[in-house]
Amino acid sequence: MKKALCELGHYFEVTMHVIKMAFLTIIEYPSNIAGWLISNPLQFIVGFATIKFVVEAFGEINGWNYGQLAFLYGISVISHALSMIFFVQGWFMGYFVIEGEFDRYLTRPLGVLYQFFFTNINIFGITDLIPGILVFVYGCVKCQVHVNAWFLLQVIVMLIGATLIRGGIYILIGSTSFHTRNAVDFGQYTQEIMDKTTMYPISMYPESIQFILTFLIPIGWVSFYPVSSLLGIGNGFANGLLVPFLTLLIGILMMLLAGAYFKAGLKKYESAGN
Amino acid sequence: MKKYLYVVKTQIIKSMTYEFNVYGNILMQTIIMITSAFFWKALYAGQGNVGGVDADSMLTYIIVSSLLSVLFLTNVERRIQLSVQKGTVATDMMKPINPFGVYFAEDIGNIIALVFQNMLPILIIGCLLIKVPKMADIRDLPLFLLSVVLSFLINWLISALFGMIAFTAVNIDALIQVKKHLIRLLSGSIIPLWFFPPAVSKVLGAFPFVYIYQLPLSIYIGKGDCAEHLMQMGIQSIWLAILCGIFLFVHNRVTKKVMVQGG
Amino acid sequence: MIDVQNLCKDYTFKRKEPGIRGAVKSLFTNKRELIHAVRDLSFHIDAGEIVGFIGPNGAGKSTTIKMMSGILTPTKGSVLIGGEDITRHRKEVVRNIGVVFGQRSQLNWDLRLGESFELLKHIYRIKQSDYEETLDVMDSILGIKEIIDKPVRQMSLGQRVKGDLVASMLHSPSVLFLDEPTIGLDVSSKYALRKFIKEINEVRKTTVILTTHDLGDIQELCERIIIINHGVMMEDGNLSQIIDRIAPFKTLVVEYYDEIAPDHPSCEMIEHDGNIAKYKFMKNDTTAADLIAELSKLRPIRDVSIEEAGIDDIIRIAYGE
């Protein structure tokens with residue numbers, strides 16, 4: 001127990017230093033800051049405006065009104081932002097595999113996956129967080145949500161779970177490059193699919209797709225099920241107070257699964273230059 | 001010309017090297033297309049005609065939009081950025097072959113490979129799983145093809161211009177993203193602008209983005225009449241001319257600057 | 001210190017046919033070929049040794065050293081460092097090793113060099129006092145403090161290699177792996193690197209394992225060499241003993257007064273250009289002194305010099321050319 005705590009402390013210490021280095025790197029390239037500050041919020045502001053226009057043209061989307069959609073969109077964007085901060089490197093894992101960048105992680109006495117994600121931590125993901133929080137707060141107001149400690153706890157728990165589910169999916173996709181030995185870069189597509197399945201209620205899709213998104217690729221748990229439960233929107237399945245915690249559980253399971261697949265892939269790692 | 005054709009050929013081979021990516025891309029694009037289709041089906045549930053278009057036309061719209069997206073993949077911006085970062089700009093410019101010609105040829109080669117690797121499979125899958133995307137009026141085909149060519153050029157020039165910002169020694173990663181989002185959301189590739197409020201839609205009509213996706217797609221599904229299409233293609237051509245002008249202007253300035261400074 | 005037992009590594013790869021037709025074809029076929037990059041290597045290295053791995057490109061040197069440092073997982077066999085299996089206990093074992101791979105840097109490109117060192121200090125949990133002491137030692141060998149505040153991207157290759165060397169030694173590992181460390185370096189950087197290796201070996205008793213194409217590195221540094229070709233061990237042993245065994249000859253270079261060079265039964269003329277002739281002779285057959293005496297009887301000699309069989313001869317013979 002004491003050893004585990006000591007180890008945790010060690011990882012925490014390294015993480016703090018890595019974050020410091022990430023900030024130093026940002027300061028090194030000030031022209032980048034403006035670019036990301038415009039780029040990321042722009043994407044979600046335009047995206048949200050689109051939803052507003054669609055709702056205006058069509059009325060409700062599958063029984064979800066504008067305020068509820070804003071709430072869903074907010075949760076989706078916030079969890080997206082968090083996954084961008086911690087796990088976006090998963091999108092580029094293929095390049096790390098091909099270029100032999102895992103060499104250095106393998107020769108250091110820390111977890112390889114930890115080093116891969118945290119020594120490349122993407123502080124700029126914060127710029128996605130801002131529009132997410134704005135839309136989320138707007139959705140809370142529109143839905144007249146009663147904000148209390150229990151509500152906040154559920155939101156936080158579900159955001160952690162959602163971030164882990166997204167991260168797990170990125171790792172699973174990225175780890176395929178160990179086997180294919182190609183620089184797989186499906187980031188763009190993954191993002192597009194995630195957008196389509198987390199920003200709108202998945203109840204609008206046919207049951208077969210809903211089944212896939214619930215049990216096989218658990219994207220439904222990122223935003224749809226926990227938000228339905230929080231807002232009390234009946235959908236005949238997974239309703240109740242504990243859904244946000246279920247999201248967390250599924251997130252942890254996804255991470256374990258992804259970690260195991262990554263480990264198996266790492267055994268096939270070939271470095272570069274041979 | 002022969003040199004550029006050679007580049008095209010080499011790039012075709014390069015693009016086909018990574019078979020896993022080929023299949024992965026097809027899978028991902030299929031998923032995107034199918035979710036989009038169900039998205040619109042759900043929206044249209046119980047509604048006949050929204051914004052002047054019915055559900056069936058909308059499905060055709062998204063299938064053809066998926067197919068067109070293959071034509072609008074460019075790599076020119078990354079290539080420019082790389083040549084600036086690696087400091088090979090000057091030597092590239094000295095070569096008897098224009099580097100932008102090479103980038104263009106590479107993108108063409110890539111697209112030719114993708115037409116077979118992605119466009120055809122996606123078309124087949126779309127036909128089987130969603131519907132056969134028949135053109136509303138086959139007589140519009142020449143007009144459609146012409147507008148697609150213009151769209152392709154507009155898209156390529158916009159990418160090249162964003163890439164050229166790299167010559168000011170700024171990291172353009174973020175700007176490439178900005179460009180991508182602008183085109184994704186303001187070109188009608190995902191949601192046609194006719195669902196937007198009229199005022200917004202009018203303002204966006206003044207930008208070049210709409211003429212990349214929405215114009216050819218409107219012709220395809222037969223939204224609007226011929227006169228309207230011709231008028232819009234006029235604006236499309238004007239945009240192409242403007243972008244060409246800017247491109248040549250920037251191109252000459254960059255060339256001069258690089259020649260003087262030697263990169 | 002290091003025990004390598006029956007180490008094997010196989011790779012699979014997909015052969016591609018040329019042209020567009022080949023590219024299309026490979027989309028639909030899945031023919032893979034197996035390569036045995038390393039086959040059944042076994043050897044033992046004692047603490048404090050400096051061992052050089054040599055062999056032609058693609059011989060399996062890098063693959064071997066990457067398996068020994070825990071980067072690649074062996075197909076078969078095991079690598080024990082300090083008695084522990086590196087594949088099974090990676091995190092514990094790598095605490096004790098340092099790695100410098102010539103082509104790849106572990107330094108943060110964007111930040112000052114010191115920042116990368118600080119990160120390693122946290123990763124290896126190095127005590128502040130130990131950290132400073134090591135830096136002082138490194139400064140005296142490599143003059144690292146002059147460049148510690150320089151951003152890595154602005155450094156020359158030589159400076160970057162120095163940075164990487166220090167980075168690999170910060171946690172005072174007992175084994176240091178170097179893969180082609182001198183590649184691309186200028187003469188003075190090469191000299192600094194060799195000095196560094198000698199000093200850490202002498203002062204810190206660090207075991208050093210390196211691969212190189214530079215025979216100068218081997219001659220300067222290594223008592224023991226291991227020659228690998230096609231993934232198989234060709235030679236393992238003391239450098240001068242190997243020379244004696246597989247290249248037991250010397251070369252006598254003779255300068256005459258004119259262009260006529262005589263032959264002699266106890267030696268073989270291997271080169272003749274103008275006034276200068278080169279003779280190869282076996283150390284067992286004759287001595288240089290005898291040979292000079294014999295030859296001078298045949299033609300007047302102006303000057304002589306003797307060349308030892310060098311490492312390049314060894315390699316040429318061992319590679320079977």
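The model is predicted, and the values given below are computed from it.

In chain B, the secondary structure comes to 11 helices and 2 strands, and along the sequence these elements follow the pattern α-α-β-β-α-α-α-α-α-α-α-α-α. The radius of gyration of chain B is 20 Å, close to the 18 Å that the globule rule gives for 263 residues, so chain B is as compact as a globular protein of that length. Along its principal axes, the C-alpha trace of chain B spans about 65 × 45 × 35 Å. Of the 263 residues of this chain, 42% count as buried. When contacts in chain B between residues at least 6 apart in sequence are considered, 81% of them join residues at least 24 apart.

The contact between chain B and chain A takes 29 residues from chain B and 32 residues from chain A. On the side of chain B that touches chain A, the elements that give two or more residues are helix 2 (19–44) and helix 8 (173–186) of chain B, and it is helix 2 of chain B that gives the most, with 13 residues. The residues on this side of chain B divide into 19 nonpolar and 10 polar, with no charged residues.

Chain C also touches chain A, through a contact that takes 28 residues from chain C and 22 residues from chain A. Two or more residues on the chain C side are given by each of helix 2 (61–68), helix 3 (90–94), strand 6 (97–101) and helix 4 (113–123) of chain C; of these elements, helix 4 of chain C gives the most, with 5 residues. By residue class, the side of chain C that touches chain A divides into 11 nonpolar, 9 polar and 8 charged residues.

Helix 2 of chain C, one of the elements that contribute to the contact with chain A, has 8 of its 8 residues buried, so this helix is largely enclosed by the rest of the structure. The buried residues of helix 2 of chain C are C:K61, C:S62, C:T63, C:T64, C:I65, C:K66, C:M67 and C:M68. The helix lies across strand 1 (2–14), strand 2 and strand 4 of chain C, and it runs at about 120° to strand 1 of chain C. Helix 2 of chain C is followed by C:G70, whose phi is positive, near 85°.

The strands that helix 2 of chain C lies across are among those of an open sheet of 4 strands in chain C, which has the order 2-1-4-5 and antiparallel pairing. The edge strands of this sheet are strand 2 (32–45) and strand 5 (84–85) of chain C, each of which pairs on one side only. Strand 4 (residues 76–81) of chain C is joined to strand 5 of chain C by 2 bridges, with the two strands running antiparallel, and within this pair C:E84 in strand 5 of chain C is the bridge partner of C:I81.

Further strand pairings in chain C involve strand 9 (residues 224–229), which is joined by 4 bridges to strand 3 (residues 50–54) of chain C in a parallel arrangement. Strand 9 of chain C is also joined to strand 10 (residues 232–238) of chain C, in this case by 6 bridges and with the strands running antiparallel. C:R224 takes part in both pairings: in strand 9 of chain C it is the bridge partner of C:V51, and it stands opposite C:N238 in strand 10 of chain C. In the hairpin of strand 9 and strand 10 of chain C, 2 residues lie between the strands, and C:H230 takes a positive phi near 50°.

At the level of domains, the assignment for chain C gives domain 1 (47–74 + 85–243) and domain 2 (247–313). The centres of domain 1 and domain 2 of chain C, taken over C-alpha atoms, are separated by 41 Å, and the contact between these domains takes 4 residues from domain 1 of chain C and 4 residues from domain 2 of chain C. Helix 8 (residues 215–221) of chain C gives the most to the side of domain 1 that touches domain 2, with 3 residues. The residues on that side of domain 1 of chain C divide into 3 nonpolar and 1 polar, with no charged residues.

Note on methods:
Residues are numbered from 1 along each chain as its sequence is written. Chains are lettered from A and ligands numbered from 1 in the order in which they are written. This is a predicted model: local features need pLDDT of at least 70, side-chain atom pairs count only at pLDDT 80 or more; totals for chains, interfaces and linings use all residues. Two strands pair if DSSP finds at least two bridges between them. Two residues are in contact if their C-beta atoms, placed from the backbone, lie within 7 Å. Ala, Val, Leu, Ile, Met, Phe, Trp, Tyr, Cys and Pro count as nonpolar, Asp, Glu, Lys and Arg as charged, and the others, Gly among them, as polar. A residue is buried if 20 or more other C-beta atoms lie within 10 Å of its own, exposed if 12 or fewer, and partly exposed in between; C-beta atoms are placed from the backbone. The radius of gyration is taken over C-alpha atoms; the globule rule is 2.2 Å times the number of residues to the power 0.38. Domain bounds come from an automatic or database domain assignment. Axes are lines fitted to C-alpha atoms, for helices over the stretch in contact, and angles run from 0 to 180 degrees between N-to-C directions.
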